[in-house]
Amino acid sequence: MYKDTDCGAPRASDIGKEIMVAGWVHRRRDHGNLIFVDLRDRTGLLQVVFNPEVAPEAHSLAEGMRSEWVIQATGKIRARLPGAANPNLDTGEVELIVSDSQVLNRSLTPPFEVEDDTDADESTRMANRFIDIRRPEMLSRLQLRHRVTHLIWDHLTDNGFTQVETPILIKSTPEGARDYVVPSRVRPGAFYALPQSPQQMKQMLMVCGVERYFQIARCFRDEDLRADRQPEHTQLDLEMSFVHQGDVMGLVEGLYARIVSETRPDAKLGTPFTKLSYDEAIERYGSDKPDTRFGLEMCTITEIAAKSEARVFQAVAGSGGTIRAFSAPGCADYTRRQTDQLIDVARAAGAQGLVYIAIDKSAAAIDEIEDGHIRSPLKNYMSVEIVKEIATAADASPGDLVLIVAGTQAIANNALSALRTEMAERLELIDPDEFKFAWVYDFPLFEWDEESQSWAPAHHVFSAPKQEHIQYIESDPGRVYADLFDLTCNGVELGSGSIRIHDPEVQMKVFNVIGYPDHEIEDRFGHLLKAFRYGAPPHGGMGLGLDRITAMLAGQSNIREVIAFPKTQSAWDPLFDAPSAIADDQLDELHIAVNVED
RNA sequence: GGCCCCGUGGUGUAGUGGCCUAACACGCCUCCCUGUCAAGGAGGAGAUCGGCAGUUCGAAUCUGCUCGGGGUCGCCA
């Protein structure tokens, strides 16, 4: 070993000990004779002192040392001079007086400094990740990620799970996201696909009798990137046999509560987790992943608003749309500029516009609102009575600003949901140290796809309809709900699960509703359907994004911050320069002709 | 594919038509300095302003195209 002690370890109790440390030169302070080096390894910083009177050779070596050189130093731990302790360092009461030192490696001047508050641009950080990750903040995020996966292994092992690896080279079943594809050398013209998730394989494992499976699985999707989306992401994939919806939820809840409480003991964790049916989540929050750290709950006022003279409301109500609202407390004094900003938020979320009603705080009560208390662009088209009814429905008080969006269900909910988040931020209703988990369960099995004018699976084709709804599958698919559930936290979807269909006949009915032709069913799912005919146990499970929960635990909104080597928004790896062209003979061997215009 | 923001020494920024022979901070180099810890002092090097084309007597600055980064909508069963 090049060291017998970590840099972050020495304390006052170690004074007098002879130790050997090794690490990176974090900073060097040269006083001409005395030279101080802050030596850094993964555990922290130690002040290392080179004194020419104590060790002249080591001192002259230290004169040449520069940032990020790798050095080794031997010497004695001693107390710092009185008044010279550094309370900002864990090792600040002591220092190493060097008797012997070696340069293990030199370093170019780093492109940016290794410090937590880096001001380097993210692309610079990514292209120099070997420097970036030396920053304690980044290193601790990787360590956090490790702790999370370790807890997953422990917890699931304790609960009878078996970790099984599934193949990365699988069959392409085009649907949903675009596949990443790998050519076959041995079978000219044929391609593997990388898994978008191990979905079919884990269900197969249930038929195999594994009963409780998990995997920290890499999943690949060739779709456009976002702050919370990479082309490859890591998912905690798990599946259980002989369970109902609540069993899976209970197990995952235990795991996630443990992860949060052990990695973020400072955080406020609400247990048991909130449970909302899908319908309730939409009604109260306009979203299937509501941030439940704050209220600002919504209400539907279609019928009340339709009674007004306002043509927008009448038109929307008359065409089967919905009119919804919520009340922003204390915002009645919003200026034109502020309400315009809210209108922009609504428009960005797809709404035509936004109607607001400001109820002046001088009103004694909602019942006693008078004309002079009301400020609204549609004031001339709404009677005081209607305003009272709307305000009552929205649970508004004098001084509040009622925000109203009319449109289709989807548009009204999207816009109001965006406004709800906006208002929570403006009103500072969000506690950043709170982890407010919420289960959303009983999703609809299908959703109507306007574009293709057909029913599509709301999540995926294997989710089981609720037993009592199976009768409607063919006659009224929109009425069928499923044992399908999402885990959300602070308005972010962390994972999604369901009880799966284990009856081949029900599965075929679902395929029929979606409109898959027989040959396609056979091609894509034949292997799984075949297995199901040999005694598939009832089963269900979840897939949970590891990047997102880790980012959340690290207090980051961008998952790149918890990924060692992430890709840019154009799916480029600036560190290793992937993807890149390959040699012609490599292409030949793979029977591939590249067709690129330049 | 749409929309928005950004691109100037190694790093982060300032400069929005001539005062730019491009400024500042950090970093880097040389010298001085025995207690600093974002050490200090003195001096110095380092950028044709992402690229191309155009407008102009004159472009970091205006216009067009393009490349790259970020955010977001579409997309992500």
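1. Threonine 335 is partly exposed, with a relative accessible area of 41%; the scale used here calls a residue buried under 20% relative accessible area, exposed over 50% and partly exposed in between, with a 1.4 Å probe and protein chains only. Between threonine 335 and alanine 536 there are 201 residues in sequence and 62 Å in space, C-alpha to C-alpha.

2. On provenance and conventions, this is a predicted model, in which local features need pLDDT of at least 70 and side-chain atom pairs count only at pLDDT 80 or more, while totals for chains, interfaces and linings use all residues. Residues are numbered from 1 along each chain as its sequence is written, chains are lettered from A and ligands numbered from 1 in the order in which they are written, and side-chain values use heavy atoms, with hydrogens and water left out.

3. As to the overall build, chain A comes to 16 helices and 24 strands, and its C-alpha atoms fill a box of roughly 95 × 75 × 55 Å along the principal axes. Of the 598 residues in chain A, 48% are buried. The chain is divided into domain 1 (12–105) and domain 2 (294–430), with bounds that come from an automatic or database domain assignment; the centres of domain 1 and domain 2, taken over C-alpha atoms, are separated by 64 Å.

4. Strand β14 also holds isoleucine 323, which is buried with a relative accessible area of 0%. The C-alpha atoms of isoleucine 323 and proline 538 are separated by 41 Å, and the two residues are 215 residues apart along the chain.

5. The count of salt bridges comes to 44, a salt bridge being a side-chain nitrogen of Lys or Arg within 4 Å of a carboxyl oxygen of Asp or Glu. Glutamate 239 forms one of these with lysine 202, the closest N and O atoms being 3.5 Å apart. Glutamate 239 lies in strand β10 (residues 232–241) and lysine 202 in helix α5 (residues 199–207), so this pair ties together parts that are 37 residues apart in sequence. Glutamate 239 and lysine 202 are both buried.

6. Because glutamate 232 lies in strand β10 and arginine 218 in strand β9 (residues 212–220), the pair ties together parts that are 14 residues apart in sequence. Glutamate 232 is partly exposed, with a relative accessible area of 24%, and arginine 218 counts as partly exposed at 41% relative accessibility.

7. Lysine 466 and aspartate 483 meet through their side chains in a salt bridge of 2.5 Å, N to O. Both lysine 466 and aspartate 483 lie in the loop between β21 (454–457) and β22 (484–489), so the pair ties together parts that are 17 residues apart in sequence. Lysine 466 and aspartate 483 are buried. Elsewhere, a network of salt bridges links Arg125, Arg129, Asp132, Arg135, Glu137, Arg141 and Glu561.

8. Some backbone geometry deserves a check, since most residues other than glycine have a negative phi, and most peptide bonds are trans. The peptide bond from threonine 271 to proline 272 is cis, with omega near -10 degrees, and proline 272 lies in the loop between β11 (268–269) and β12 (274–277). Alanine 578 and proline 579 are likewise joined by a cis peptide bond, with omega about 0 degrees, and proline 579 has its place in the loop between α15 and α16.

9. Glutamate 68, although not a glycine, has a positive phi of about 70 degrees; glutamate 68 is found in the loop between α1 (56–63) and β4 (70–79) and is buried, with a relative accessible area of 3%. Glutamate 211 also has a positive phi, near 70 degrees, and lies in the loop between α5 and β9, where glutamate 211 counts as partly exposed at 40% relative accessibility.

10. Helix α15 (residues 546–553) is mostly covered, with 7 of its 8 residues buried, among them Leu546, Ile549 and Met552. Glycine 555, which follows α15, has a positive phi near 70 degrees.

Notes: Helix = DSSP H or I, 4+ residues; strand = E, 2+ residues; numbered from the N terminus.
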